[in-house]
Amino acid sequence: MAEIEALGRTVTADWTSAVADRVAAAWGLPPGTARWWRSSAAHVFVLPGSDGKRYLRFVPATSRSEASVAAVARLMAALADDGAAVVRPVPAASGALVATVGTDLGPMHAVVVEAAPGEAIDADDLTDGTARAWGEALATLHRDAAGHGEGLPEAFGELDEVAARHADDEVLVHAAATLAARLSELPRDSAGFGVVHGDPELDNLAWEGGRATAYDFDEAARSWYAADVAFALRDLTGPDGRIEPAFQGRAAAFVAGYRAVRPFTAAEERRLPLFAGVHAVGTVVRIGRALDRPAAPDDAGEAGAAGGLADLRLHLADLARAQRDLAVAVAARLPASPTGVTTG
């Protein structure tokens, strides 16, 4: 939040920013080219151009290492070179996929990516046909990413932070420990564990002619493929981690589409609630990090490109409470035995 607030104060009425100008210069772009789009895990600026729209994405060096940003960029480039339906990173003027640039807000690690063709759809517009295509797209990504994960982290490192960060919430600490124990029992063979997108929800896909192009690979990691499936299906799940009754058909179509491309066993499918709970814990921890530093008193009513920050803080706090409750609910349903729903 502190980084979003700081960047927001640099954005002008025409959506430009001196910080973004400094970063965009690494791609040979003149001041005023980059226009603010949004800020969350990364600051994103649109780069309009005669050869097509692109996006400038950058993060403070204090929040992510250059090596981790570069690992994601290499993954995307390798997938694009192989013909996968992913957005391609655009090299900087230096030829590198990642540029680290000094700004008034400190050094930033940046990439530029091409725009994904097509439009986004949401869960309410999802049909059985597009749900199946979505599953096929994720399975294809998992298949094609095998062997391209050099330098990527292992997922779910947030579990290690819960005991210290949320020591005053014994119920959450117990739930996280239960989920972590179940996770540690799962096999890590190549059939079910590999390179994953990390955030394959509908809002990170663009659709054109029935084909989905993936973008926003910031959370790419080495993990269980079923964890990526569970994250994708968050759009269709309720507050208990189970698929909402109204979305049962579309969830089944998604899984059928996935299985049309690569194996997805019944045991993996039974683990989806477990991964929903683990993802929920990760969300709680990441929100906690973001909210660690309160806004300055004069930020609360600030307007501008990153305006509404006070409302954003309230929204994040509400989301953290909901995800905390989801994690607790999932952990409470897990069997005492290490066999069954999780290990299959």
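Student: Where is the place of Asp216?

Tutor: Asp216 sits in the loop between strand S9 (211-214) and strand S10 (221-224). Strands (E, at least two residues) and helices (H or I, at least four) are DSSP runs numbered from the N terminus. Keep in mind that this is a predicted model, where local features need pLDDT of at least 70, side-chain atom pairs count only at pLDDT 80 or more, and totals for chains, interfaces and linings use all residues. Residues are numbered from 1 along each chain as its sequence is written, and side-chain values use heavy atoms, with hydrogens and water left out.

Student: Is Asp216 buried or exposed?

Tutor: Buried means under 20% relative accessible area, exposed over 50%, and partly exposed in between (1.4 Å probe, protein chains only). Asp216 is buried, at 13%. Its phi is near 55°, a positive value in a residue other than glycine.

Student: What is phi of Phe156 near?

Tutor: Phi of Phe156 is near 70°, again positive in a non-glycine residue. Phe156 lies in the loop between helix H4 (128-145) and helix H5 (162-165), and is buried with a relative accessible area of 12%.

Student: Which residues lie nearest the centre of the second largest pocket?

Tutor: A pocket is an open set of points on a 1 Å grid over the protein atoms alone, where a 1.4 Å probe fits, with protein on both sides within 12 Å along at least five of seven lines; lining residues have an atom within 4 Å of a point. Here 24 residues line the pocket, and Leu233, Thr237, Gly241, Arg242 and Ile243 lie nearest its centre.

Student: Which helix gives the largest share of that lining?

Tutor: H8, with six residues.
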